[in-house]
Amino acid sequence: MSSIPNQFTCFRINQKDEKIVSGLEMVSIEDINPGEVTLKTEYSSINYKDALAATGAGKILRKFPLIGGVDVAGEVVESEDPRFSIGDKVIAACSGLSETNDGGYSEYTRISSEAAIQLPDKIDTKTAMAIGTAGFAAGLAVFKMKLNMQTPEMGPIVVTGATGGVGSIAIDMLSTSGFETTAITRKKTHDEYLRSIGTTNILCLEEMEIGERPLEKAQFGGGIDNVGGDLLSWVLRSTVPEGNVASIGLAADFKLPTNVMPFILRGVNLLGVNSTTLPNSFKQEVWEDIANNMLPKKIEDIVTKEVSLKELPEQFQAFLDGSIVGRVLVKV
Ligand SMILES: NC(=O)c1ccc[n+]([C@@H]2O[C@H](COP(=O)([O-])OP(=O)(O)OC[C@H]3O[C@@H](n4cnc5c(N)ncnc54)[C@H](OP(=O)(O)O)[C@@H]3O)[C@@H](O)[C@H]2O)c1
């Protein structure tokens with residue numbers, strides 16, 4: 001007999017009269033999308049994309065209604081796929097949740113076996129969701145940089161949007177992996193936080209001179225960028241020969257005004273990071289690398305809030321106005 005109750009709580013996003021409306025609803029398992037693996041949800045998280053989706057500030061959902069939450073981790077309660085057994089702990093992140101499928105802001109979540117990742121041995125579901133899509137993107141960036149021969153000896157890695165979810169976890173993972181980091185932030189008052197999670201140098205964005213020369217002084221071994229625009233251009237122009245710069249986000253700008261000098265005179269590599277487009281087997285490999293080789297040491301400092309489904313709406317605005325620090329965990 002199924003252990004799933006007739007009705008359970010979720011946070012659902014709908015469209016009414018062209019406006020996005022979201023909030024708590026009671027649903028039954030028949031109301032949510034089909035999928036081979038059903039989870040009793042333990043944790044989810046809030047990413048910038050979740051705030052865009054739930055408020056309508058960005059067009060994320062491709063159909064309505066959908067349960068929010070791009071991340072989920074929980075225990076398998078039903079499975080039609082022999083690779084997943086009842087009691088297994090599973091993660092789904094960056095796999096269409098809250099975009100084309102119902103997401104993790106729900107007491108029960110049904111996912112396709114294509115989206116399901118076995119939780120690596122060394123982490124629990126809470127740590128997995130403290131990392132979440134934001135931390136996975138940071139881990140993927142470090143993974144790709146290491147594959148492309150980035151070494152600590154090449155110099156500090158600059159991390160932009162440093163106090164955000166991706167930025168904070170990137171700093172911690174880089175420091176765990178033996179890299180020095182330089183954090184770039186707009187938040188002057190958060191030096192103590194940034195040092196506590198492992199950064200060595202801090203630059204305040206508003207006080208920086210971002211020149212316009214085709215090449216600037218080569219001062220960074222590489223970079224992880226969450227901001228885009230002129231700042232990413234400056235990072236590329238300030239990176240040492242053969243350094244790698246991973247482009248993850250567009251918090252300021254989707255444009256990239258650059259020139260070819262960093263690439264052809266210094267052999268700088270611009271690495272694209274998209275956590276959704278990877279095949280599942282590659283995602284599993286990156287999760288294992290995160291758990292075994294770059295597990296954030298200061299995750300308890302980086303998780304600045306743990307909230308319930310009921311408390312979700314009040315958190316979204318902080319993401320939209322860029323005032324959020326670290327990661328927000330959702331206990332379901
Ligand atoms: N490619 C992928 O697979 C992937 C995965 C996850 C996230 N992302 C993207 O990565 C970015 C960061 O995500 P997140 O979850 O870390 O978001 P977040 O927690 O909201 O952090 C973004 C940070 O960027 C900085 N920032 C915000 N607005 C800015 C502006 N106008 N100019 C300069 N800096 C600004 C702020 O840091 P400071 O105040 O410290 O400067 C902010 O905390 C987002 O664009 C997100 O969509 C991409």
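Let's start with strands 12 and 13. Strand 12, residues 222-225, and strand 13, residues 244-247, pair in the parallel sense. Three bridges hold that pairing. Look at G223: it stands opposite V245 in strand 13. One caution before I go on: this is a predicted model.

Six strands form it, in the order 11-10-9-12-13-14. The sheet is open, and the pairing is parallel. Which strands sit at the edges? Strand 11, residues 201-204, and strand 14, residues 269-272. Each of those two pairs on one side only. From one strand to the next, the twist averages 20 degrees.

Two helices to show you here. Helix 3, residues 165-176, packs on the sheet. Helix 3 touches strand 9 (157-160), strand 10 (181-185) and strand 12. Its direction makes about 160 degrees with that of strand 9. Then helix 5, residues 229-237. Helix 5 lies across strands 9, 10, 11, 12, 13 and 14. Against strand 13, helix 5 runs at about 165 degrees.

Stay with that region for a moment. The loop between helix 5 and strand 13 holds E242. Its phi is positive, about 70 degrees, although E242 is not a glycine. For context, most residues other than glycine have a negative phi. Is E242 buried, partly exposed or exposed? Partly exposed, because its relative accessible area is 47%.

There is another residue of this kind, E18. You'll find E18 in the loop between strand 1 and strand 2 (19-27). Phi of E18 is near 70 degrees, again a positive value in a residue other than glycine. E18 has 76% relative accessibility, so E18 counts as exposed.

While we're on backbone: go to F64 and P65. The peptide bond from F64 to P65 is cis. Omega is near -15 degrees. P65 is found in the loop between helix 1 and strand 4 (66-67).

Next, a helix pair. Helix 2 is residues 125-147, and helix 7 is residues 280-293. Their axes come within 9 Å and cross at roughly 95 degrees. That makes helix 2 roughly perpendicular to helix 7. Who makes the contact? From helix 2: A128, I131, G132, G135, F136, G139, L140, F143 and K146. From helix 7: F282, K283, E285, V286, W287, D289, I290 and N293. By type, the contact residues divide into nine nonpolar, four polar and four charged.

Now helix 9, residues 312-320. Which of its residues are buried? L312, Q315, F316, A318 and F319. What covers them includes strand 1 (8-16), strand 3 (37-46), helix 1 (48-55), strand 15 (303-307) and strand 16 (327-331). Just after helix 9 comes G322, with a positive phi of about 75 degrees.

Strand 3 takes us to my last stop. Strand 3 and strand 7 run antiparallel, joined by four bridges. L39 stands opposite T109 in strand 7. Remember that in a regular strand the side chains alternate between the two faces of the sheet. So what happens on the two faces of strand 7, residues 108-111? Both are covered. Y108 and R110 are buried on one side. T109 and I111 are buried on the other.

Notes: Residues are numbered from 1 along each chain as its sequence is written. This is a predicted model: local features need pLDDT of at least 70, side-chain atom pairs count only at pLDDT 80 or more; totals for chains, interfaces and linings use all residues. Side-chain values use heavy atoms; hydrogens and water are left out. Axes are lines fitted to C-alpha atoms, for helices over the stretch in contact, and angles run from 0 to 180 degrees between N-to-C directions. Angles under 35 degrees count as roughly parallel, over 145 as roughly antiparallel, 65 to 115 as roughly perpendicular and the rest as oblique. Contact means heavy atoms within 4.5 Å. Ala, Val, Leu, Ile, Met, Phe, Trp, Tyr, Cys and Pro count as nonpolar, Asp, Glu, Lys and Arg as charged, and the others, Gly among them, as polar. Buried means under 20% relative accessible area, exposed over 50%, partly exposed in between (1.4 Å probe, protein chains only). Two strands pair if DSSP finds at least two bridges between them.
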